Amino acid sequence: MHIAEGFLPPAHAVAWGVASAPFVVHGARSLVRDVREHPESTLLLGASGAFTFVLSALKLPSVTGSCSHPTGTGLGAILFRPPVMAVLGTITLLFQALLLAHGGLTTLGANVFSMAVVGPWAGYGVYRLLRRYGVPLMGAVFCGAFAADLSTYCVTSVQLALAFPDPGSGFLGALGKFGSIFAVTQIPLAVSEGLLTVLVMRLLVQSSRGELTRLGVLVTSVGGGKRAESAEAVAR
């Protein structure tokens, strides 16, 4: 997903940076507020950021100027909501560009928009929709992580197609080519990331049930009130 340093035309790089900036600023405010109100969440926040950093650093060759890898943003979006992931994802991408030569500073805005903005919102939206219709927690977590991963690559395909339209078929032709190449590696990776996210969530349910209840992950509506979900409901 990470578009390589210098690969996008300057105008595109600037435009994606401008598009990403409001989400990152809003996310920073949300993150500061959450930490001030609930300092006990700091450890889980750090774990969510580390999960994103490690997974998104595992890159596989793909289209020229980019690569395929898990994103790890679905977990943090489910736990802390997408605005916070805009910040954690930006920090992850910045460190990877500086320390691992993975992505780049000139393409940071484009990479942030796809992985730290669209991915978390898509994953969280799918998760919330499924939970509203009674899908068990782990099923919703899997689908949310899958959607966060795959939507990131859909946006990256759009970004590359806008920058490098096909000489004959234009934007749509380039989009089809980029998307089909990404699909070969990314669909299996999205499934794998969904399964791994479910495993991590199961561990968190066992070790951090109180924190997950406060975050709303383990809360369901019953008779006009609220109660924490049972272990049996979580395991389904």
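User: Taking it that rings of Phe, Tyr and Trp, with the six-membered ring used for Trp, pair if their centres lie within 6.5 Å, which residues form one aromatic cluster?

Analyst: In this predicted model, one aromatic cluster is formed by Trp 16, Phe 23 and Phe 113.

User: OK, and how do helix 1 and helix 5 cross?

Analyst: The axes of helix 1, which covers residues 10–37, and helix 5, which covers residues 108–132, come within 8 Å and cross at roughly 45°. Angles between 35 and 65 degrees fall in the oblique class, so helix 1 is oblique to helix 5. The crossing in which helix 1 passes helix 5 is left-handed.

User: Which residues make that contact?

Analyst: On the helix 1 side the contact is made by Trp 16, Gly 17, Ala 19, Ser 20, Phe 23 and Val 24, and on the helix 5 side by Gly 109, Ala 110, Val 112, Phe 113, Val 117 and Trp 121. Sorted by class, the contact has nine nonpolar residues and three polar ones, with no charged residues. Trp 16, Phe 23 and Phe 113, the members of the cluster you asked about, are among the residues that make this contact.

User: Back to the rings, then: how many aromatic pairs are there in the whole structure?

Analyst: A search of the whole structure finds six. One of them joins Tyr 124 and Tyr 127, with 6.4 Å centre to centre and 35° between the planes, and it is classed as tilted.

User: Where do those two tyrosines, Tyr 124 and Tyr 127, lie, and is Tyr 124 buried or exposed?

Analyst: Both lie in helix 5, three residues apart, which is about one turn of the helix. Buried means under 20% relative accessible area, so Tyr 124, at 14%, counts as buried, and Tyr 127 is buried as well, with a relative accessible area of 3%. A further aromatic pair is formed by Tyr 153 and Phe 182, and this one is edge-to-face, with 5.3 Å centre to centre and 70° between the planes. Because Tyr 153 lies in helix 6 and Phe 182 in helix 7, the pair ties together parts that are 29 residues apart in sequence. Tyr 153 and Phe 182 are both buried.

User: Changing topic, what about helix 3: how many of its residues are buried?

Analyst: Helix 3, residues 73–80, has eight of its eight residues buried, so it is largely enclosed by the rest of the structure. Those residues are Thr 73, Gly 74, Leu 75, Gly 76, Ala 77, Ile 78, Leu 79 and Phe 80.

User: What do they pack against, and what follows helix 3?

Analyst: The buried residues of helix 3 pack against helix 2, helix 4, helix 5, helix 6, helix 7 and helix 8. Helix 3 is followed by Arg 81, whose phi is positive, near 80°.

User: One more spot: where is Leu 130, and what does Leu 130 touch?

Analyst: Leu 130 is in helix 5, and with a relative accessible area of 21% it is partly exposed. Leaving aside residues up to four places away in sequence, Leu 130 touches Val 135, Ala 140 and Cys 143.

Terms used. Residues numbered from 1 in each chain as written. Predicted model: local features only at pLDDT ≥ 70, side-chain atom pairs only at ≥ 80, totals over all residues. Heavy atoms only, no water. Axes fitted to C-alpha atoms, helices over the stretch in contact; angles between N-to-C directions. Helix = DSSP H or I, 4+ residues; strand = E, 2+ residues; numbered from the N terminus. Parallel < 35°, antiparallel > 145°, perpendicular 65-115°, else oblique. Left-handed = near helix turned anticlockwise from the far one by under 90°. Contact = heavy atoms within 4.5 Å. Nonpolar A, V, L, I, M, F, W, Y, C, P; charged D, E, K, R; others polar. Buried < 20%, exposed > 50% of the residue type's maximum accessible area, 1.4 Å probe, protein only. Phe/Tyr/Trp six-rings, centres within 6.5 Å; stacked < 30°, edge-to-face > 60°.
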